[in-house]
Amino acid sequence: MTDMPTASNQDPQADDHPAVPADSHDLIRVRGARVNNLKDIDVDLPKRRLTVFTGLSGSGKSSLVFGTVAAESQRLINETYSSFVQGFMPTLARPDVDVLDGITTAIIVDQERIGGNPRSTVGTITDANAMLRILFSRLGEPHVGPSTAFSFNVPSVSGSGAIKVGDKKATKASFESLGGMCPRCEGMGTVSEMDLTQLYDAEKSLNEGALTIPGYSADGWYGRIFSGCGYFDPDTPIKDFTDTELDALLYKEPTKIKVDGINLTYEGLIPRIQKSMLSKDIDSVQPHIRAFIERAVTQTVCPECDGTRLAEHARNSKIDGLSIADACRMPIVDLAAWVDRLDDPRVAPLLENLRATLSSFVEIGLGYLALERPTGTLSGGEGQRTKMIRHLGSALTDVTYVFDEPTVGLHPHDISRMNDLLLRLRDKGNTVLVVEHKPEVIAIADHLVDLGPGAGTGGGQVCFEGDLAGLEAADTVTGRHLHHRAVLKPQVREASGTLEIRDACANNLDHVDVDVPLGVLVAVTGVAGSGKSSLIHGSVSGQPEVVAIDQTAIRGSRRSNPATYTGLLEPIRKAFAKANGVKPALFSANSEGACPVCKGAGVIYTDLVTMAGVASPCEDCGGKRFRAEVLEYRLGDGDSAKDISEVLAMTVEAARGFFAEGAARTPAASKILDRLADVGLGYLTLGQPLTTLSGGERQRIKLATAMADKAGLYVLDEPTTGLHLADVDQLLGMLDRLVDSGRSVIVIEHHQAVMAHADWIIDLGPGAGQDGGRVVFEGTPAELVADRSTLTGQHLADYVGA
């Protein structure tokens with residue numbers, strides 16, 4: 001371990017002044033950290049410095065930074081509130097660590113996607129919209145009302161009635177509140193048109209199962225309501241309904257009815273679907289519901305507000321000829337220039353704050369976004385940088401900023417800008433902790449902590465701690481790969497055909513025409529915001545025979561694990577059931593085989609109300625999650641036979657050998673295990689909760705699952721996210737195997753190693769937002785390097801040393 005900076009060696013004048021006890025608190029001291037796979041590690045982190053944590057995906061970086069340091073900081077801050085307030089806050093358990101002192105307030109900027117609520121936009125989440133609404137309510141002409149009159153989330157409401165206070169005579173009263181919500185689309189910007197042929201089979205009656213909506217079976221709860229409502233005959237085919245009966249089936253407003261003596265509410269199909277399915281973010285619904293929505297519902301721009309979400313009065317009030325709808329629609333870089341030209345002493349403090357927020361967008365490389373952009377459409381990198389905006393102008397110092405791969409989604413051209421921001425935060429007197437794989441970020445670190453030596457159970461140790469020169473000389477996986485560079489392939493594959501994309505106009509695309517070669521590895525590149533995702537997800541994803549793996553997070557509880565998520569548990573349960581002559585359900589901890597005390601969780605959670613809850617291993621099953629009699633059933637030969645809990649405790653690599661031969665041979669399980677090993681997850685335990693996986697591990701587990709589909713074309717959105725330099729080589733090998741097996745692979749990617757390894761590159765740009773949206777290069781990587789006419793070409797040439 002290297003010596004940490006202290007007050008005496010930081011300040012040249014320190015010798016002139018006697019040391020005070022405060023000077024001894026220049027370190028965050030971690031002793032005996034055991035969170036997840038950490039193995040009793042000790043580490044000293046210098047304060048007011050930039051520390052970068054490196055290591056293989058799954059080596060324990062996030063467990064140390066987020067699960068230990070940041071988690072304890074949050075817990076201690078929460079404990080400063082009263083018990084009453086704590087009752088409304090999430091309870092946080094103390095991390096498993098012996099000593100953790102010197103920590104300061106932690107501000108976490110992670111990769112969790114910003115909530116995709118359909119009403120959430122870039123403007124609402126950064127408060128830029130709130131400031132604009134106040135601005136227009138003060139300066140807009142004609143004046144229409146308070147700031148709520150410009151909010152698309154506030155409807156206009158009115159009412160009247162009688163008010164009576166005590167014994168006094170009732171008096172008539174009325175009220176009216178002006179909101180900015182468009183009455184037609186209710187502030188959504190789009191209206192839904194339903195394809196009635198997807199709701200029911202007109203040839204059948206309701207009792208024959210005419211309704212084809214998920215969950216609306218004839219013998220289910222909804223079937224009972226529709227059959228007993230009395231508005232139509234449930235035995236008559238829908239094609240023979242009268243206009244009145246069809247209107248009641250489709251559009252009737254909520255009405256109280258009684259069926260079999262039970263009070264129920266009847267509501268037409270369309271308003272019921274709108275409330276139960278269409279009001280939710282499409283990314284948050286179950287896959288079969290999502291498939292139904294995409295099949296049955298067509299979203300079109302609201303004809304009344306033209307997608308601005310705003311009522312007419314809000315669109316008509318203007319400042320210097322610009323409405324709030326115009327302001328939210330223009331690129332932020334242009335909006336910032338417009339706000340700079342405004343000068344009115346009545347709103348001077350507001351303009352100052354608005355300018356600072358908008359300039360932060362431009363500074364962080366998001367000037368191409370518009371404030372009306374829904375947050376659900378932001379990429380992982382855009383979302384993370386959007387979260388950073390509120391911290392850039394903060395006057396706080398001596399806090400700890402914790403970043404999880406801040407360069408995700410960034411082109412090499414944009415990484416230097418991100419580095420400047422990290423250094424600025426440090427130079428204000430803050431401690432900056434960064435989990436990162438990119439050599440460009442590792443190079444600016446004041447202090448480096450390399451974890452490993454492997455991943456999962458093979459990691460969790462500090463392999464190196466010190467400066468950049470020390471890491472370069474260290475014999476660790478990171479040290480050996482720091483200057484490793486992929487080389488251009490001497491020969492590229494020949495395309496077997498082309499996929500034509502014509503007149504692509506999604507988001508900022510400028511009527512793009514491009515031919516994507518098939519049967520090869522295609523890399524789609526360009527600076528962040530140039531239109532890569534818009535082109536591929538907008539024109540390719542969603543087609544038959546296409547499997548798209550995007551950056552959306554895996555949704556799973558602590559009961560979900562790699563075995564359940566990938567479908568691996570199914571063949572394993574069947575193998576156990578067949579070998580022992582019992583039901584497969586016994587071998588599920590979420591079904592009949594669950595321990596009756598902990599209900600298959602393996603731990604008992606004790607709720608301590610205002611204090612953090614405590615999880616302790618179940619004494620009945622010893623944390624194994626299954627009933628004792630289930631653990632008596634075994635699979636395999638002789639001494640190597642294992643019970644179901646022992647199988648779930650195996651790593652993917654160990655399980656491959658177990659299920660490959662002998663009495664435990666299960667080809668269906670072996671296929672899934674091979675795919676998990678192919679994506680570099682051989683170290684994962686089959687029963688490890690999904691909630692403990694890192695971002696890179698989650699994306700690769702999705703990739704392994706999707707590879708089971710017999711698709712002809714795979715679309716991968718930044719598959720190197722969360723991958724160590726050493727893991728990227730393994731990913732490239734897997735992509736090669738996919739292509740060599742006759743598949744086509746399109747990768748949206750910034751990583752130069754992937755670009756160099758591709759057979760064909762489609763580069764978008766030349767800039768971001770309105771400056772992008774065009775194809776600026778098509779050809780082989782070697783041609784791109786030789787051409788050097790684009791930003792991508794210049795950076796790729798530097799990378800390969802051309």
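Guide: A helix here is a DSSP run of H or I with at least four residues, numbered from the N terminus. The model is a predicted one. By that rule H23 covers residues 652-660, and glycine 662, with a positive phi near 75 degrees, follows H23.

Visitor: Which residues of H23 are buried, and what puts them on the same side of the helix?

Guide: Val652, Ala655, Phe658 and Phe659 are the buried ones in H23. Their arc around the axis is only 115 degrees, which places them on the same side of H23. In an α-helix there are 3.6 residues a turn, so residues three or four places apart point the same way. The cover over the buried residues of H23 includes helices H21 (569-580), H22 (644-648) and H24 (667-678).

Visitor: How do you know where the buried residues of H29 lie around its axis?

Guide: In H29 (residues 791-800), the buried residues are Thr792, Gly793, Leu796, Ala797 and Tyr799. They span an arc of only 160 degrees, which puts them on the same side of H29. Among the elements covering them are strand S20 (521-526), helix H27 (752-757), strand S26 (760-765) and helix H28 (781-787).

Visitor: Why is isoleucine 238 called buried, and what does it touch?

Guide: Buried means under 20% relative accessible area. Isoleucine 238 has 4%, so the label applies. This residue sits in the loop between helix H6 (221-228) and helix H7 (243-251). Residues up to four places away in sequence aside, isoleucine 238 touches Tyr200, Ala202, Lys204, Leu206, Ala210, Leu246 and Leu249. Its C-alpha atom is 61 Å from that of glycine 793, which is 555 residues away along the chain.

Visitor: What makes S2 and S4 edge strands?

Guide: The open sheet has three strands in the order S2-S1-S4, paired antiparallel. S2 (41-46) and S4 (99-101) each have a single partner strand, so one side of each lacks a neighbour in the sheet. From one strand to the next the twist averages 10 degrees. Two strands count as paired with at least two bridges between them; S1 (residues 27-33) and S2 have five bridges. Leucine 27 is opposite proline 46 in S2. Helix H2 (residues 61-78) lies across S1, S2 and S4, at about 115 degrees to S1.

Visitor: Which residues have the most contacts inside the largest nonpolar core?

Guide: That core has 73 residues, and those with the most contacts inside it are Ile572, Ile644, Phe659, Leu686, Leu735 and Val745. Helix H26 (residues 725-740) contributes the most, eight residues. A second, separate core has 67 residues, among them Leu135, Leu350, Met418 and Leu421.

Note on methods:
Residues numbered from 1 in each chain as written. Predicted model: local features only at pLDDT ≥ 70, side-chain atom pairs only at ≥ 80, totals over all residues. Heavy atoms only, no water. Helix = DSSP H or I, 4+ residues; strand = E, 2+ residues; numbered from the N terminus. Axes fitted to C-alpha atoms, helices over the stretch in contact; angles between N-to-C directions. Contact = heavy atoms within 4.5 Å. Buried < 20%, exposed > 50% of the residue type's maximum accessible area, 1.4 Å probe, protein only. Arc of directions from axis to C-beta. Core = buried A, V, L, I, M, F, W, Y, C linked by side-chain atoms within 4.5 Å.
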